[in-house]
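Colleague: Please take me through one part of this model at close range. Then step back and show me where that part sits.

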Amino acid sequence: MVSKTDFEAPSLSGLGKLFGSLWRPLIGGAAIVCAAILSGLLIGETRIPPDIAFKVLANKIFGANYDVNAIDSDILWSYRLTRAIVAACCGAGLAISGVVLQALLRNALAEPYLLGISAGASTGAVLATVAGFGGGAVSLSAGAFGGALAAFAIVVSLAHFAGGGTARKGSVQIVLAGIAGSQLFNALTSFIIARSANSDQARGIMFWLMGNMSGVRWEDVAVAVVIVVIGFIVIAWHARPLDAFTFGTDAAASVGVPVRRVQTVLILTTALLTAAMVSIVGAIGFVGLVIPHMARFIVGHSHAKLIPAAAVFGAVFLIFADITSRIIIPGQVLPIGVITALIGAPVFAAILIRGQRT
Amino acid sequence: MSLTADNLSWTSRGKTIVEGISLDVQPGEFLGLIGPNGSGKSTFLRLLAGLRRPSTGSVLLKGEPLKRMKQRDIARIMAFVEQQADTEDALSARAAVRLGRTPWLSPLSPWGTRDDDIVARALQDVQMQDKADQPWHTLSGGEKQRVHIARALAQQPELLLLDEPTNHLDIRHQIGILNLLHKLGRTTVIALHDLNHALDCDRIAVLMDGRLRAVGTADELLTEEFLYETFGIRGRFV
């Protein structure tokens with residue numbers, strides 16, 4: 001019999017072991033994502049040879065002085081690269097949000113859309129920009145975050161008052177509440193647009209609502225990277241508690257998971273991730289739904305593997321979705337949400353037909 | 001005295017489910033909870049396990065109030081097995097048992113070979129070592145329940161709380177599980193729906209309408225009059 005005191009208090013050696021076991025997958029994942037970002041840099045409508053791309057990178061990052069056409073430089077540095085990085089962040093953020101919500105709600109259909117978080121963020125953003133709520137003091141992203149949290153609060157209290165106190169029943173209630181919440185917020189968004197926006201604005205907003213990477217700037221890149229890294233660390237830290245939710249909230253509590261606290265922290269984190277992504281690129285569907293299933297199919301159920309895998313798959317998927325949206329119609333850029341839905345919906349249908357949560 | 005309920009009550013939406021129960025669980029004893037459906041057995045067990053907050057009263061685990069303990073510390077002393085906890089995930093039996101190590105692990109004290117040993121031993125204790133790598137949905141009801149008990153054992157608890165663990169099983173598996181629990185010899189509190197199983201308990205606590213009606217040995221309690229008053233049946237044990 002092993003004495004129980006042997007398990008006490010993590011030490012510095014624990015931290016060392018943690019990094020020891022982490023560096024390989026971390027570097028592997030980062031390499032894959034960087035390769036995908038590089039593809040995003042190299043592929044596009046305007047043909048730019050790879051050597052020019054590398055020269056631009058050298059100029060901008062290491063201050064080298066290669067002679068490069070200013071237009072090429074602009075396309076590569078301020079258009080393709082920003083889009084690719086934001087797409088990577090967005091894909092990773094939405095995918096890990098989906099993993100968290102599917103685990104916490106024990107529902108294969110859970111994702112930021114289900115809880116109405118995306119819809120709420122859209123409403124908040126539109127309220128801040130078009131309707132001039134807050135007299136210009138409220139920025140689009142602050143509006144989106146406020147909207148996401150408001151939507152979440154409404155959906156959760158609706159689920160609560162509908163009697164979702166207990167584990168199993170709670171899952172159903174929150175899904176239904178989420179549907180009601182999404183409908184309400186989408187209607188509100190339409191109402192605000194119809195009331196306050198002129199036709200040009202309306203067209204722009206509809207485009208953005210479908211998920212649109214145009215006009216992404218380096219400031220957006222910074223915000224997206226910081227928020228995704230923080231979100232990833234918080235979520236990966238909770239990998240083991242998330243595993244414990246496999247058999248429901250009571251089972252999680254009985255193996256020592258502080259259920260309320262874990263739920264609160266993780267749901268706030270997904271709300272933050274979703275709001276940040278919606279405020280930068282609009283609402284992109286299916287990533288949070290399909291990628292976690294794909295990742296589960298490949299690496300299995302253990303969240304210690306599932307979370308990093310979903311982050312990498314989501315990032316790569318959205319980078320290539322973005323590339324596709326840029327080149328599929330010559331001279332025109334499609335909203336990226338159209339591409340993700342066109343790929344995601346059939347994949348999701350296939351998952352449904354397989355019948356099992358893989 | 002390892003686990004004590006002190007005047008426990010639980011009210012949900014204005015309806016009192018458990019009312020004023022006080023009970024001492026003695027170290028090493030096998031305590032059966034019986035009572036008709038809806039008598040509050042499940043809720044009482046969940047209050048004891050710290051999964052519900054009592055409306056009034058308190059639960060003491062080794063003298064310390066549960067509500068002042070961390071969930072993790074509770075789970076290191078006491079394990080709870082639900083009536084039927086299922087999942088659609090295709091995880092293996094072994095992966096399910098691994099969840100029992102959760103209270104002993106953190107990102108900074110990760111899984112080790114010692115945990116593998118504990119999981120293997122727990123699977124052996126419930127005789128599931130041969131099916132350890134089968135996916136969850138291929139296991140029978142009895143096997144699933146054995147895995148849940150193994151998960152509880154992997155927590156290395158001093159106390160086991162079980163909520164009608166044999167409810168959905170056929171008679172052979174019912175007896176198998178109960179024999180297993182007796183053989184494990186831990187301090188056990190178990191809700192039972194079959195009075196026959198109560199005969200083997202060291203003590204029996206009888207719940208009715210959320211109240212504790214009686215505590216005692218099977219011989220003292222399971223009399224003809226008592227069965228009629230509690231369950232509304234005429235009968236006696238032979």
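Modeller: This is a predicted model. Start with B:Phe44. Which residues does B:Phe44 touch, leaving out those up to four places away in sequence? They are B:Val18, B:Ile21, B:Leu33 and B:Leu207. B:Phe44 itself is found in helix α1 of chain B, which covers residues 41–48. Is B:Phe44 buried or exposed? Count the other C-beta atoms within 10 Å: there are 28. A residue counts as buried at 20 or more, so B:Phe44 is buried. Now take a pair of positions. B:Asp6 and B:Phe44 are 38 residues apart in sequence. In space, their C-alpha atoms are 12 Å apart.

B:Leu207 stands opposite B:Leu212, which belongs to β10(B). Strand β9 of chain B spans residues 203–208. Five bridges join β9 to β10(B), and the two strands run antiparallel.

Next, the sheet around them. Six strands of chain B make an open sheet with mixed pairing. Their order is β6-β7-β8-β3-β9-β10. Which strands stand at the edges? They are β6 (78–81) and β10 (211–216) of chain B. Each has a single partner strand, so one side of each is left without a neighbour in the sheet. From one strand to the next, the twist averages 15°. As background, strands of a sheet pair through backbone hydrogen bonds, either parallel or antiparallel.

Now the whole of chain B. Its secondary structure comes to nine helices and 10 strands. The radius of gyration is 18 Å, and the globule rule gives 18 Å for 238 residues, so chain B is as compact as a globular protein of that length. Along the principal axes, its C-alpha atoms fill a box of roughly 55 × 40 × 35 Å. Buried residues make up 43% of the chain. Take the contacts in chain B with a separation of 6 or more: 68% of them are between residues 24 or more positions apart.

Chain B also touches chain A. How many residues does each chain give to the contact? Chain B gives 31 residues and chain A gives 28 residues. On the side of chain B, the elements that give two or more residues are α2 (71–77) and β6. The largest share, five residues, comes from α2(B). By type, the residues on this side of chain B divide into 17 nonpolar, eight polar and six charged. Remember β6 of chain B: this strand also stands at an edge of the sheet.

Last, the partner. Chain A has 14 helices and zero strands. Of its 358 residues, 47% count as buried. For contacts in chain A with a separation of 6 or more, residues 24 or more positions apart account for 75%.

One helix pair in chain A deserves a look. Two packed helices are described by the angle between their axes and the distance between the axes. Helix α2 (residues 50–62) and helix α3 (residues 70–105) of chain A pack at about 75°, with axes 10 Å apart. That angle makes α2(A) roughly perpendicular to α3(A). From α2(A), the contact uses A:Ile52, A:Ala53, A:Val56 and A:Lys60. From α3(A) come A:Asp72, A:Ser73, A:Leu76 and A:Trp77. Five of the residues in this contact are nonpolar, one is polar and two are charged.

Definitions and conventions:
Residues are numbered from 1 along each chain as its sequence is written. Chains are lettered from A and ligands numbered from 1 in the order in which they are written. This is a predicted model: local features need pLDDT of at least 70, side-chain atom pairs count only at pLDDT 80 or more; totals for chains, interfaces and linings use all residues. Two strands pair if DSSP finds at least two bridges between them. Helices (H or I, at least four residues) and strands (E, at least two) are DSSP runs, numbered from the N terminus. Axes are lines fitted to C-alpha atoms, for helices over the stretch in contact, and angles run from 0 to 180 degrees between N-to-C directions. The radius of gyration is taken over C-alpha atoms; the globule rule is 2.2 Å times the number of residues to the power 0.38. A residue is buried if 20 or more other C-beta atoms lie within 10 Å of its own, exposed if 12 or fewer, and partly exposed in between; C-beta atoms are placed from the backbone. Two residues are in contact if their C-beta atoms, placed from the backbone, lie within 7 Å. Ala, Val, Leu, Ile, Met, Phe, Trp, Tyr, Cys and Pro count as nonpolar, Asp, Glu, Lys and Arg as charged, and the others, Gly among them, as polar. Angles under 35 degrees count as roughly parallel, over 145 as roughly antiparallel, 65 to 115 as roughly perpendicular and the rest as oblique.
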